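Good morning, and thank you for coming. I would like to take you through one structure, shown here.

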Amino acid sequence: MNLHEYQGKEILRAAGIPVPPGEVAGTVAEAIAIADRLGYPAVVKAQVLTGGRGKAGGVKVVQSAEELAREAGRILGMEIRGHKVHRVLVTPSAAIEREYYAGIVLDRKGEAPVLMASPAGGVDIEEVARTTPEKILRLLIDGRGLPAYRARAAARFLDPRWEIQRALVPVLIRLAAVYHENDASLAEINPLVVTAEKEVCALDAKVVIDDNALDRHPDLAALRDLTAEDPGEVEARDSGLSYVRLDGGTIGCVVNGAGLAMATMDLIQYYGGKPANFLDIGGSSNPDKVTAAMKILTRDARVRAVLFNIFGGITRGDDVARGLIAALDRMKVKIPIVIRLTGTNEKEARDLLGARGMTALSDMDEAVRAVIARAAEAA
Amino acid sequence: MSILVGRDSRVLVQGITGRDGSFHARQMKEYGTRVVAGVTPGKGGASIDGIPVFDSVEEAVAKTRANVSVVYVPAALAQDAIFEAVDAEMPLVVCITEGLPVRDMVEVAAYLRGRSTRLIGPNCPGLISPGQCKVGIMPGFIHTPGRIGLVSRSGTLTYEVVWQLTRAGMGQSTCIGIGGDPIVGTRFVDTLALFEADDKTDGIVLIGEIGGSDEEDAAALIERHVSKPVVAFIAGQTAPPGRRMGHAGAIVSGGAGTAQEKMARFERAGVPVAKIPSEIPGLLAAGIARRGVKRLRVVRGGSRKPVKAGARKAAAGAKKTAARRKTTKRKPIKTTRRSRP
């Protein structure tokens, strides 16, 4: 789960990491009221869950209330990479001497979090990793957290001055603590700046929380910005489904199992079709989930045909069949549905569907070709 | 026994009284697995389908000599269940549960280092040696005994491929689901080494997906240490970047871990990559046939001693030894590869 900059900064601030003052505004009037208190020059920053805000014109330094009104008015409501800006962060502009990078992410191969530190901050760290990897220090973090002596090594890598290193050390240690205590998958400060007054502070914060850990962090779960998510994806999550909308697709899929769902999308493309979504109804047999899936897909106007691809393991084919029948009873589904069912209770499923005049194919390639054909007919 | 589970496996079910635990305990037993015990704290003394339930893994092991544990407990309790099984010195623990926080698995992975327990999963369907033992949730009837080893990050996609193999007359020695999470107890490289050393496995199918670098590590291992034919399929060619595709580990991060990269890496390693699952049986048959032809060449031309573990067993019969002589998969340079157990 992605958090906004202002939410990430609040978490860092609460952990004792220096963060500039700043508040969130949803209107121009609110923005001006904040800057009146915090002072000019100020920075107005779009709060959206995507990168590239600066390049898109979503981050501006302003010298006066008039300028703030103009820029905040422009930024609020603008779209950055498909994300609408509902809020801006207003913060006093800092005189920056140096910009560093400090971020913690999971190192899958190392099976542990890794601290990445680089004196090349304020730019895309992936670009740094590609072009000048020697400018990134990587420290794998073990069960001890980040011991002070390792934080000092990282600080030395960032800045040659002892008085700055001394300020960086607690920031790095606390960043590691933030990552651990909040079950983060990413905790990144870019840029981590040294100001003209030789102070260290986090000018940006990107914190992503492990979805699997949200149950044990209800306070973090409550920070979720539903307005920033695709409504289909919100509904899917509430129904216990996994759903990702794909651009430019016309064929909806409902599949049990993430790997099979990905392979189904791949197969649709292979045979010349365009998958509209990824949808995993998961491994437990629940007819309500089938209904929920059908609702999401039939509401997507691009979808011309739907493929059900169900291979039963934990999922019982007859439960899927009942769910499908129940869903179609409740809704008037106009688009063609192709069903592929194999596995546990396959025969019972076929009998149930057969009694309703529906046939289920048992070969996946055949089913994909059939749904592509039906979608083409419906066009 | 093919790899890891077989007729000698004595299986304990952690979480046996739950909905999934009880259902699958019965299903495993019906398949022919020796399900000797279940564990649910507080339900000791009960019985599920004739399987005795205990309060602790330690007690269950002491009373039944269980040597495999399969974990069906909810995600919030799964790390604890794994720790309990590891501390009871169970040789093999299979965690079916999906949804473990990554931090929990970071701690499990660290704890397992240096210990003798092998963990498979979490977030996996389990493993099956067809005709012998099923430890997990896969539908038994799609499998048939044979000599193809299969290792996969997926659940139902694995069944799809097994179904294709069975219909093509290519039975399976052992099918292992290693799970869809970013940190798992047993990776591709671990499983490939086991299959390479298994005298009941002739060919290997590897099913990967986007995210991480396990496939790349597997390709590197295959180049140097795997002589048996391998065929790969990578799911997620159409997955958009930066999105988690169901599995916690199925995400293209910072441009890395795409299906296309993985497919290219396997091709470079000489591993044929199926574009769609139905291509797998044909590619596998071709790979096995190619190896059979090379085998004949080696027998006629001269001798190269096999170095791999298991060679001692092979030496029991001269015919067997000749048949197992190592050959390279990369033409035209022939090198002897060592396999590591």
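A salt bridge, as the term is used here, is a side-chain nitrogen of Lys or Arg within 4 Å of a carboxyl oxygen of Asp or Glu. By that rule the structure holds 47 salt bridges over all chains. Please note that this is a predicted model, in which local features need pLDDT of at least 70 and side-chain atom pairs count only at pLDDT 80 or more, while totals for chains, interfaces and linings use all residues. Residues are numbered from 1 along each chain as its sequence is written, chains are lettered from A and ligands numbered from 1 in the order in which they are written, and side-chain values use heavy atoms, with hydrogens and water left out.

Let me begin with chain B. Its secondary structure comes to eleven helices and 14 strands; helices (H or I, at least four residues) and strands (E, at least two) are DSSP runs, numbered from the N terminus. Of the 341 residues of chain B, 60% count as buried. Buried means under 20% relative accessible area, exposed means over 50%, and partly exposed lies in between, with a 1.4 Å probe and protein chains only.

Which residues of helix 6 of chain B are buried? In this helix, residues 188–197, they are Phe188(B), Thr191(B), Leu192(B), Ala193(B), Phe195(B) and Glu196(B). They pack against strand 10 (145–152), strand 11 (172–177), strand 12 (203–209) and helix 7 of chain B, where contact means heavy atoms within 4.5 Å.

Glu196(B) leads us to Ser227(B), as the side chains of these two residues make a polar contact at 2.8 Å. A polar contact is a pair of N or O atoms within 3.5 Å; within protein, one must be able to donate a hydrogen and the other to accept it, and residues adjacent in sequence count only if both atoms are side-chain atoms. The side chain of Ser227(B) also makes a polar contact with that of Arg291(B), at 3.4 Å. Ser227(B) is placed in the loop between helix 7 (214–225) and strand 13 (230–235) of chain B, and Ser227(B) counts as buried because its relative accessibility is 2%.

Arg350(A) and Glu346(A) form a salt bridge whose closest N and O atoms are 2.4 Å apart. Both lie in helix 12 (residues 346–355) of chain A, four residues apart, about one turn of the helix. In general, an α-helix has 3.6 residues a turn, so residues three or four places apart point the same way. Arg350(A) is partly exposed, at 29%, whereas Glu346(A) is buried, at 18%.

Finally, how do the chains meet? Here 60 residues of chain B are in contact with 50 residues of chain A. Across this interface the rule finds nine salt bridges. Arg244(B), for instance, forms a salt bridge with Asp211(A), the closest N and O atoms being 3.9 Å apart. Thank you for your attention.
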